[in-house]
Amino acid sequence: MPDDRKVLHEFKRNQEETLRVSLSTFKGRTYIDIRLFYEDPNGELAPTKKGVTITPELWDEFRRGVAAAEDALQKGNLWHPETAAPAE
């Protein structure tokens, strides 16, 4: 259980699941957590085992992987970036 958690972004993946990006601190260390959540019987979002936790030291490497995935999707004409970023 994290000592502190700040949700940075979340969106519905489908009817049952929400993908959540958060910044957390556990035992004095900071982590970026990208995880699927489901709605428990009480209507609260609860984490699944499906996700990844990344240390800040590995963040640049993770971003390179995401950039490579974006490039592959664009080259395959499978994804087109939004023309304008959504308002926060």
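Trainee: What makes Arg20 count as lying over the face of Phe37?

Mentor: Arg20 is 4.6 Å from the ring centre of Phe37. A charge sits over a ring if NZ of Lys or CZ of Arg is within 6 Å of the ring centre and within 35 degrees of the ring normal. The model is predicted, so local features need pLDDT of at least 70 and side-chain atom pairs pLDDT 80 or more, while totals for chains, interfaces and linings use all residues. Residues are numbered from 1 along each chain as its sequence is written, and side-chain values use heavy atoms, without hydrogens and water.

Trainee: How many aromatic pairs does a search of the whole structure find?

Mentor: The search finds one aromatic pair.

Trainee: Why is the pair of Trp59 and Phe62 called stacked?

Mentor: Rings of Phe, Tyr and Trp (its six-membered ring) pair if their centres lie within 6.5 Å; planes under 30 degrees apart count as stacked, over 60 as edge-to-face and the rest as tilted. The centres of Trp59 and Phe62 are 5.3 Å apart and their planes are at 25°, so the pair is stacked. Both residues lie in helix H1, three residues apart, about one turn of the helix.

Trainee: Why is Trp59 called partly exposed?

Mentor: Its relative accessible area is 28%. Buried means under 20%, exposed over 50%, and partly exposed in between (1.4 Å probe, protein chains only). Trp59 is therefore partly exposed.

Trainee: How do you know that the span of helix H1 agrees with its 17 residues?

Mentor: The expected span is 1.5 Å times one less than the number of residues. For H1 (residues 59-75) that gives 24 Å, and the end C-alpha atoms are 24 Å apart, so the two agree. Helices (H or I, at least four residues) and strands (E, at least two) are DSSP runs, numbered from the N terminus.
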